[in-house]
Amino acid sequence: MTVIPFPCIPAYRINVQEALSEPRFTVALSHDVDRVHKSFQSATHFLKYLRNGCLRQALYQLRSVTRSERYWCFDKIRRIEISRGLRSTFYFLNESYPFNPMKLESWRLALGYYDIFRPAVAGMIRQLDSEGFEIGLHGSYRSYCDRDLLQKEKRDLEAILGHSVTGIRQHYLNLSAETWMIQRDLGFLYDTSFGYRDGIGFKCGFFRPFPLDDRNDFFIVPLSMMDCCLMRQPDPWSRASELIDLAETKKALLVLNWHQQIFDEREFPGYCSMYERIIDECISRGAVFVTLGAYVAGYAALMHSPSATGRESPSL
Ligand SMILES: [Zn+2]
């Protein structure tokens, strides 16, 4: 897979300092990288569309059975964001769920993923990193409660990048009572798995990152809008607008997660255009854009500054 070179416009809309100087309506863009190539989805999506009576989409799935590259989409995302002076964070998955043909669940959880060491994938990780995008770990399905597994995945990604990784989002937003402790012990600075799996909004009323405890060395960044959760609403744009209104009123950090595989409009009609519409709406409302790693690092530094002594987290 060749990497398309774009003129690398500086990320002039990314302004962490401004976002941290006072409470502002702030936006962070992110992408979970679950699958980089289309595989069994031609069959499952064909059946889904057929069941729903969408014959045109069902036929498209049949015709595209050999078009595995339709899920790559990295160049499209780069073009969308770089052209607007923006950057995002990509969370790469290193899935190792064991395949057992007798267990239905494992078909979904073990098949169709990718090897992050494959030259095309590792090359894209390095390319994005060099262009000012941030790279985080998308913790595999079982890693939220498996310290050794999560450590291996972090080290693998760092070996590709040549530097440390501070951010994580768990696959399926899996969390348990010990997940954040494990992540902190392994050297992560923040987790952004705290969000709804089946809806959009600021979970438990958290509008901004908050520290795990008074050590102020690990932060939870609420995830408020995920592609599939928004697009299955009866009127996605009005729901997105409501959330943008709320984020603007509350001077919140609005974190978007648009999986990289859904940017091909033939595969996922309306997803990419909705992403661009939301971004442009936030730009028109004067939102400040940040990348999560830089933002949380700045936030942590603020919490440790002498003037912050005794101060509560701005989000609490
Ligand atoms: Zn995932």
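**A loop, some strands and a helix**

Author: Let's start with Leu186, which sits in the loop between helix 8 (179–185) and strand 5 (190–191). Keep in mind that this is a predicted model.

Reader: Okay, and what is Leu186 in contact with, leaving aside its neighbours within four places in sequence?
Author: Its partners are Leu150, Gln151 and Lys154.

Reader: Why does Leu186 count as partly exposed?
Author: Because Leu186 has 16 C-beta neighbours inside 10 Å. A residue needs 20 or more to be buried, and 12 or fewer to be exposed.

Reader: How far is Leu186 from Glu69?
Author: Their C-alpha atoms are separated by 34 Å, and the two are 117 residues apart along the chain.

Reader: Switching topic: how is the chain divided into domains?
Author: Domain 1 takes in 16–37 + 73–308, and domain 2 is 39–71. The C-alpha centres of the two domains lie 27 Å apart.

Reader: How many residues does the contact take from each domain?
Author: There are 10 residues from domain 1 and 7 residues from domain 2. On the domain 1 side, the residues that touch domain 2 split into 3 nonpolar, 3 polar and 4 charged.

Reader: Now the strands. Is strand 2 mostly covered or uncovered?
Author: Strand 2 (residues 89–93) is mostly covered, with 5 of its 5 residues buried. Thr89, Tyr91 and Leu93 point one way, while Phe90 and Phe92 point the other way.

Reader: Which strands are joined to strand 2?
Author: Strand 1 (residues 26–33) is joined to strand 2 by 4 bridges, and strand 3 (residues 134–139) by 5 bridges. Strand 2 runs parallel to strand 1, and also to strand 3.

Reader: What stands opposite Thr89?
Author: Ser30 stands opposite Thr89, and so does Glu134 in strand 3.

Reader: What else is strand 1 joined to?
Author: Strand 9, through 5 bridges, and the two run parallel. Leu29 stands opposite Leu256 in strand 9.

Reader: Which residues of strand 9 are buried?
Author: Leu253, Val255 and Asn257 are buried on one side, and Leu254 and Leu256 on the other.

Reader: What about the largest nonpolar core?
Author: The largest nonpolar core has 78 residues, and Phe92, Leu254, Val290 and Tyr295 have the most contacts inside it.

Reader: Tell me about Tyr295. What does it touch?
Author: Not counting residues up to four places away in sequence, Tyr295 touches Val16, Ala19, Ala28 and Val290. Tyr295 is also one of the buried residues of helix 12, along with Leu292, Ala294, Val296, Tyr299 and Met303.

Reader: What span should helix 12 have?
Author: Helix 12 (residues 292–304) has 13 residues, so at 1.5 Å a residue it should span 18 Å. Its end C-alpha atoms are 18 Å apart, which agrees.

Reader: Last one: is Ala301 buried or exposed?
Author: Ala301, which lies in helix 12, counts as exposed because it has 12 C-beta neighbours inside 10 Å. The C-alpha atoms of Ala301 and Ile200 are separated by 30 Å.

Terms used. Residues numbered from 1 in each chain as written. Predicted model: local features only at pLDDT ≥ 70, side-chain atom pairs only at ≥ 80, totals over all residues. Core = buried A, V, L, I, M, F, W, Y, C linked by C-beta atoms within 7 Å. Contact = placed C-beta atoms within 7 Å. Pairing = 2+ DSSP bridges. Domains from an automatic or database assignment. Nonpolar A, V, L, I, M, F, W, Y, C, P; charged D, E, K, R; others polar. Expected span 1.5 Å × (residues − 1).
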